[in-house]
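Hi everyone, thanks for making time. Let me put the structure up, and then we'll walk through it together.

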Amino acid sequence: MITHSNIQLTKNISCLSANHETDRPVLAAIWGERSNLVVDAGNSPAHARLMMDLLAQKQGTRNNPAFVVLTHWHWDHVFGVKTMQLPIIAQEYTDNMIRQMMTYDWSDEALDERVAQGIEVTFCSDMIKKEFAHNREDIQLIPAHIVFQDSLTLDLGGLTCHIHRVGGDHTKDSTIVYVEEDKTLFVGDALAPDLYLPNWTFTVEGVLNLVETLSSYDADIILESHSEPVNKETFARQLEDLRQTAMAIKKWGAQEEQVRETLAQHLGRKLTEEDLETMKFLMNGLQHDKKKQ
């Protein structure tokens with residue numbers, strides 16, 4: 001059985017922790033005085049039901065209406081949408097991709113064929129097979145009820161939720177949710193690389209633009225979809241490390257030794273495995289750009 005921890009982020013925000021066994025992301029519930037907002041729908045009906053159970057427990061005697069907002073279109077964030085039975089808020093591209101996935105066959109053979117065609121990713125295909133080991137008929141998607149292009153603001157009653165498309169390399173519809181009064185920022189997978197290329201990839205421009213955007217939010221608690229919550233200081237360091245890595249690649253290109261030396265000097269420490277992985281993804285981006293020229 002796949003387990004999750006219940007985390008009380010603030011008095012108004014609860015969440016289920018991520019679980020890497022089948023790539024289940026964090027799901028969160030934001031409790032306003034008039035209505036509630038769920039962040040992401042989960043990677044399966046089973047995952048979604050855990051969130052709905054938490055919603056029912058926390059709501060108590062109140063009968064507030066609730067909505068679910070999707071941070072992007074990838075399967076692990078949307079396959080629970082029908083089970084939640086809530087009005088769905090999604091960016092336009094997210095909704096378009098959901099509509100496209102509604103036409104897909106989810107059998108092993110069909111998944112393998114889409115991987116071979118480059119439509120699907122091996123990692124995602126393997127995790128779908130693991131999460132849905134017994135019944136793929138449970139994969140049922142529905143279109144969004146509320147579609148936005150760039151931003152949307154919701155007043156839940158005492159809580160203001162700013163929903164913004166920030167884009168980035170992971171996917172162009174990456175969307176964040178900022179709870180203004182609780183100074184809490186849900187980043188989704190925006191800081192992840194592009195998985196849909198032959199090699200996982202960051203671009204210098206994508207990283208620098210995203211770092212600048214995310215740095216503008218006054219958040220005390222920050223949560224990426226497959227990670228633990230971090231505080232403002234930790235997140236600022238993470239963003240600065242990303243920025244310095246992208247700047248070193250921008251300066252030296254594919255000259256790896258110079259990139260390493262420059263980066264270690266700017267960071268003031270020995271490079272970690274995470275630093276080297278980020279470098280690799282950015283180097284992959286250089287190679288991808290060359291092939292497009």
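Before we start, one term: a residue is buried when its relative accessible area is under 20%. And please keep in mind that this is a predicted model.

By that cut-off, Cys-15 is buried, with a relative accessible area of 1%. Cys-161 is buried too, at 0%. A disulfide is a covalent bond between the sulfur atoms of two cysteines. Here the cysteine sulfur closest to that of Cys-15 belongs to Cys-161, and because it sits 14 Å away, it is too far for a bond.

Now to the nonpolar cores. The largest has 36 residues, and Leu-70, Phe-79 and Met-84 make the most contacts inside it. Several elements each supply at least two of its residues, including β3 (27-31), β5 (66-69) and α4 (92-101). Which one gives the most? That's α1, with four residues.

Have a look at Met-84 for a moment. Setting aside neighbours within four places in sequence, its contacts include Leu-27, Val-38, Ala-48, Met-52 and Val-68, and also Asp-40. There is also a second, separate core of 31 residues, with Val-211, Ile-222, Ala-246 and Met-279 among them.

Last stop, a helix pair. Helix α5, residues 108-117, packs against α6 at an angle of about 170 degrees, with the axes 9 Å apart. That makes the two roughly antiparallel. On the α5 side you'll find Asp-108, Leu-111, Asp-112 and Val-115, meeting Thr-122, Ser-125, Ile-128 and Lys-129 of α6. By class, that contact has three nonpolar, two polar and three charged residues.

Thanks, and I'm happy to take questions!

Definitions and conventions: Residues are numbered from 1 along each chain as its sequence is written. This is a predicted model: local features need pLDDT of at least 70, side-chain atom pairs count only at pLDDT 80 or more; totals for chains, interfaces and linings use all residues. Side-chain values use heavy atoms; hydrogens and water are left out. A nonpolar core is a set of buried Ala, Val, Leu, Ile, Met, Phe, Trp, Tyr and Cys residues joined through side-chain atoms within 4.5 Å. Buried means under 20% relative accessible area, exposed over 50%, partly exposed in between (1.4 Å probe, protein chains only). Contact means heavy atoms within 4.5 Å. Axes are lines fitted to C-alpha atoms, for helices over the stretch in contact, and angles run from 0 to 180 degrees between N-to-C directions. Angles under 35 degrees count as roughly parallel, over 145 as roughly antiparallel, 65 to 115 as roughly perpendicular and the rest as oblique. Ala, Val, Leu, Ile, Met, Phe, Trp, Tyr, Cys and Pro count as nonpolar, Asp, Glu, Lys and Arg as charged, and the others, Gly among them, as polar. A disulfide is a pair of cysteine sulfur atoms within 2.5 Å.
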